Each structure stands twice: as C-alpha cells, then as structure tokens.
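Please keep the sequence and the structure in view while reading.

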Amino acid sequence: MKVNLALILLLCILFPIMGNGQSSISPGQLVFDTQFSAGQYLVPVGPFKDDKIEIIKTEGTTQKLVYQIKGDSPTNTLLTNAWEPISQLGYEILFQCDTWNCGGFEFREAIDVVESPFMFVNLGDFQFISASMSVEEEKKFVTILASKSRNTGFVQVVFINPPDNEITEDVEFDFSSNLEDFATPLQQDFATKGFTILEGVEFDSGSRDIKDNSISHLEDLATFLKENPDKKVLLVGHTDMEGELRPNIDLSAERSLSVRNTLISVFEINPDQVSAQGVGFLSPHETNLTPEGRHSNRRVEALILQEFD
C-alpha cells in the first residue's frame, strides 16, 4: 500500500504528534516529535574542519522535535525564537554557527537531521546551536538547527538527557506571528491546474543558463519534491519567437535540463523525480510582439506526473 506523505504531513500539522515529553507548543507548528529512551547522540561543538567535526558523545534519553513555520522571518529570527525559551531553562551555548562558518554542505551531511518531509535544510541558509546544562553532576544537552525555504521556516530541536532521565523541559516556542496558510502558490497551482510556471527563473535571450540570481526561486519546487518523494515532475522549457523553430526547441530543452541539473546538484533532489523537455516557441505564455512578452515567454514550467510505481 502506498503512503501519501503529503497527507501525513497535513495531518501532522493539524494534529501535532506528541511524544512522552512535556514540551508545550503553539498549535499547528509541530510536525515531528519522537523520543528514544536510550542510546548515543553526537553533539557537534565545532565546525566541519580538516574532514571532521568536533563532537561530544552523549548517552541517554533523546527527544527530536521539528517545527515548520510559514512566513518570511529570516533564519536568525527562527533560531532566536527557538533559543530564547531554552536559554531561560539554564542552558549555555557550547557552539553556534551559520552556513559557511559551520562548514556548509559538509557540516549538514555530518550532523543528525530528521528526514524530509519534516525537516528541510537550505544549504545556503542555515544556523546551528549546541548547548548544555549541568544537573546534579550530570549534563543535559540540546541542539537547534534552523533553516528556511522561500516561504517556510524549519526548526529542529533535539534534547538529550542523562540515562534514566525523561525529557521534562516545559518549553513553549512562540512562532505564532509567522503562521499563515501552509499552501504555497506552487502547491495551489499543482492542485488546481497540474502545472506551474517557475516564476523568477530567468534566462537571457539565446542563453541556456539560469541567471545566478534566479536559483533561489527553485526552492519552493525543491521543497515540494523533498516533501513528496512519491511525486515526479516534467520540466518543460519555452523560448521567445526569435530564430528558427528547431534551434529554439533545442534551446528550450537545454534550459529545462539546466533547471533539472540545478535541482539535483544544488538542492539534492532525487534525479528520478525530475525529467526535462523543450517545446521552443510553440506554446507562448504572452505576446512575442513586445520585449516584455518575449521575456515572459523565456520560461520553464513544471508539470506533475504520476506517482512512482
């Protein structure tokens, strides 16, 4: 039987999954809550450097929480909102870093991260804190990982208590000022039309390469694909009407392939989820009689295909 991860995520948002801990949260934000009674957890206390990360090996009870917050708050605000109530419990920071100071991709790959569709880490925008607190000659630890796509914030909090100690922290994270409808324009397009124009993904006339300042506009599609690993999309490239048909079909195919390669290399999307084609100027979105219309026609669309077999 196939499991619809999108439905699971929706149910998690509407009915938060509560573990054995006592964490108190605002409604509609907690999407993952799992507690392990025993085991080892590696707490990072330094950046990725010289092919390794400095860590503290801990043993005990671990609780992993993930929150998703809709809105435009920057990553540092998400981190601050998570850290402030934890600091009030008496935790003190052991290590704090952001993206490249952490070690970028290598740091993210070396640390423990809850899998999609619950947690998403933007490799160009994440922040991290590890902290500890002494309790009766033993130590408690906590780690916070914050990141965001263009429209959604993601915060992972991991509490680690000494063996035979339950997680009992009474923490209330206030992200309520950022709550909105979780449905993005891209998700709405897929639900109502079956396709979406990748707005903001731009090409110069005659160029197959995505403009550098356009790459961030693929984040919504990347997030959707990570949250729905059973979905496939077909990327369809389009051109304006300058030149002959055959070269334009080739160019449009190269543009869609450029988008596919970016999703795979930058956002780590499963290659099986994205294919690419081009139709040249055969399906204009706007008039080709004006510069503005031709600019609009140089685009890539994403069409939803079937579920994986």
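## A glutamine and some salt bridges

Q156 has a relative accessibility of 2% and therefore counts as buried, a class that covers values under 20%, with exposed meaning over 50% and partly exposed in between, for a 1.4 Å probe and protein chains only. This is a predicted model in which local features need pLDDT of at least 70 and side-chain atom pairs count only at pLDDT 80 or more, while totals for chains, interfaces and linings use all residues. Residues are numbered from 1 along each chain as its sequence is written, and side-chain values use heavy atoms, with hydrogens and water left out.

The side chain of Q156 reaches the backbone oxygen of D112 at 3.0 Å and the backbone nitrogen of V114 at 2.8 Å.

Salt bridges, defined as a side-chain nitrogen of Lys or Arg within 4 Å of a carboxyl oxygen of Asp or Glu, come to eight by this rule. Among them are these:

| Pair | N to O distance | Relative accessible area |
|---|---|---|
| K211 and E202 | 3.9 Å | K211 27%, E202 26% |
| R208 and E254 | 3.3 Å | R208 44%, E254 30% |
| D250 and R246 | 3.6 Å | D250 38%, R246 53% |

In the pair formed by R208 and E254, distant parts of the chain are linked, 46 residues apart.

Methods. A polar contact is a pair of N or O atoms within 3.5 Å; within protein, one must be able to donate a hydrogen and the other to accept it, and residues adjacent in sequence count only if both atoms are side-chain atoms. Helices (H or I, at least four residues) and strands (E, at least two) are DSSP runs, numbered from the N terminus.
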